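I wanted a quick look at confidence, fold order and surface before doing anything else.

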Amino acid sequence: MTTSQSASRPFATGPEVGETLPGFTLPDQHGNPVDVHEAREGGRAFLVFVRGTSW
């Protein structure tokens, strides 16, 4: 995200539709690291982030 984007979106929740997804690695449900670009294998991705277990 550029400085001009962060100024216009101070509380951004994530990439805009069509924006390139940044590279990152997160643990799966078993604690194994998963690289988002390797897991996609060039295809599309649908990611769900849960902030916590208390609603």
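Burial terms first: I call a residue buried under 20% relative accessible area, exposed over 50%, and partly exposed in between (1.4 Å probe, protein chains only).

Ground rules: I am working on a predicted model, where local features need pLDDT of at least 70, side-chain atom pairs count only at pLDDT 80 or more, and totals for chains, interfaces and linings use all residues. Numbering starts from 1 along each chain as its sequence is written, and side-chain values use heavy atoms, with hydrogens and water left out.

Confidence. pLDDT is the predictor's confidence in each residue, from 0 to 100. I get an average of 75 for the protein, with 71% of the residues at 70 or above. Helix α1 (residues 3–8) has the lowest mean of the elements, 53, while strand β2 (residues 33–35) has the highest, 93.

Fold. I looked up the elements as DSSP runs numbered from the N terminus (helices H or I, at least four residues; strands E, at least two). There are two helices and two strands, in the order α-β-β-α from the N terminus.

Surface. Of the 55 residues, 4% are buried. I checked Leu 26, which sits in strand β1 (residues 25–27). Leu 26 is partly exposed because its relative accessible area is 38%.

Glu 41 falls in the segment after α2 (36–40). Buried or exposed, I wondered about Glu 41? At 72% relative accessible area, Glu 41 counts as exposed.
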